[in-house]
Amino acid sequence: MLDVPELPESPDPPPMDDERELMLAWLDHLRTSILRKLEDLSEEQARWTPDGALISLIGVVNHLTHVEWRWLDGKMLGAEVSLSEAEFHPQPELTVPAAAARYRARAATTEEAARSLPLTQRCTDGSGRDLRWVLLHLIEETARHAGHADATRELLDGTTGR
């Protein structure tokens, strides 16, 4: 029999009865994972992509900031929003600290909006989607890009982990 060390407690959000808070906790958990991928990187490293493929780590953060804005402010609250290919390739004016700060600020705005609306509130676009659907979609989108960020960071400098 192999001597397998006991794994540390899972850093996943704890179980909770409040559905909204559980979804927000998972979204926060995933955001934190993505922001960790930017730790200790230079501006050049944060913009690196393997052979020009995938999205840079700063591009992932910038894109997810826009995704939350489009879904909460746009789809849920009816603000006019846009999608631009440029969000995947931010200009040098957007530094790593600024991108991280914008993502954190957007997270706070998303959480405030999500706590102020009923989970059954429908999007303003007539799609029939409600806040519950939007939060689950944000979790899915953020998780997808967290995996992408994991791969990019590992290819960049070998850093792995949650």
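Leaving aside neighbours within four places in sequence, with which residues is leucine 38 in contact? Leucine 38 is in contact with Ala46, Leu57, Ile58, Val61, Val96 and Arg153, where contact means heavy atoms within 4.5 Å. The model is a predicted one, in which local features need pLDDT of at least 70, side-chain atom pairs count only at pLDDT 80 or more, and totals for chains, interfaces and linings use all residues. Residues are numbered from 1 along each chain as its sequence is written, and side-chain values use heavy atoms, with hydrogens and water left out.

The protein chain has five helices and zero strands. Helices (H or I, at least four residues) and strands (E, at least two) are DSSP runs, numbered from the N terminus. Along the sequence the pattern is therefore written α-α-α-α-α. The C-alpha trace spans about 50 × 50 × 25 Å along its principal axes. Of the 162 residues in the chain, 41% are buried; buried means under 20% relative accessible area, exposed over 50%, and partly exposed in between (1.4 Å probe, protein chains only). Among the contacts with a separation of 6 or more, 74% are between residues 24 or more positions apart.

Helix α1 can be followed from its N-terminal end. Aspartate 18 caps that end, with a side-chain oxygen 3.0 Å from the backbone nitrogen of arginine 20. The 18 residues of α1 should span 26 Å at 1.5 Å a residue, and the end C-alpha atoms are 26 Å apart, which agrees. The expected span is 1.5 Å times one less than the number of residues. Arg20, Met23, Leu24, Leu27, His29, Leu30, Arg31, Ser33, Ile34 and Leu35 are the buried residues of α1, and they pack against α3, α4 and α5.

Helix α4 has a cap as well: a side-chain oxygen of threonine 95 lies 3.2 Å from the backbone nitrogen of alanine 98. With 21 residues, α4 reaches 30 Å from its first C-alpha to its last, close to the 30 Å expected. Its buried residues are Val96, Ala99, Ala100, Tyr103, Arg106, Ala107, Thr110, Glu111, Ala113 and Ala114. Because they cover an arc of only 165° around the axis, they are on the same side of α4; the arc is that of the directions from the helix axis to the C-beta atoms. An α-helix has 3.6 residues a turn, so residues three or four places apart point the same way. On the other side of α4, Pro97, Arg104, Glu112 and Ser116 are exposed. The buried residues of α4 pack against α1, α2 (43-46), α3 and α5.

Arginine 106 counts as buried because its relative accessibility is 8%. Beyond four places in sequence, arginine 106 is in contact with Thr65, Glu68, Trp69, Leu72 and Asp73. Alanine 114 is at 0% relative accessibility and so counts as buried. With residues up to four places away not counted, alanine 114 touches Arg20, Leu24, Leu72, Leu131 and Leu135. The C-alpha atoms of alanine 114 and arginine 132 are separated by 9.1 Å, although these residues are 18 apart along the chain.

The structure holds one aromatic pair, formed by tryptophan 71 and tryptophan 133. Rings of Phe, Tyr and Trp (its six-membered ring) pair if their centres lie within 6.5 Å; planes under 30 degrees apart count as stacked, over 60 as edge-to-face and the rest as tilted. Here the centres are 5.3 Å apart with 45° between the planes, a tilted pair. Tryptophan 71 is in helix α3 and tryptophan 133 in helix α5, 62 residues apart. Tryptophan 71 is buried, with a relative accessible area of 12%, whereas tryptophan 133 is partly exposed, at 36%.

Methods. A polar contact is a pair of N or O atoms within 3.5 Å; within protein, one must be able to donate a hydrogen and the other to accept it, and residues adjacent in sequence count only if both atoms are side-chain atoms.
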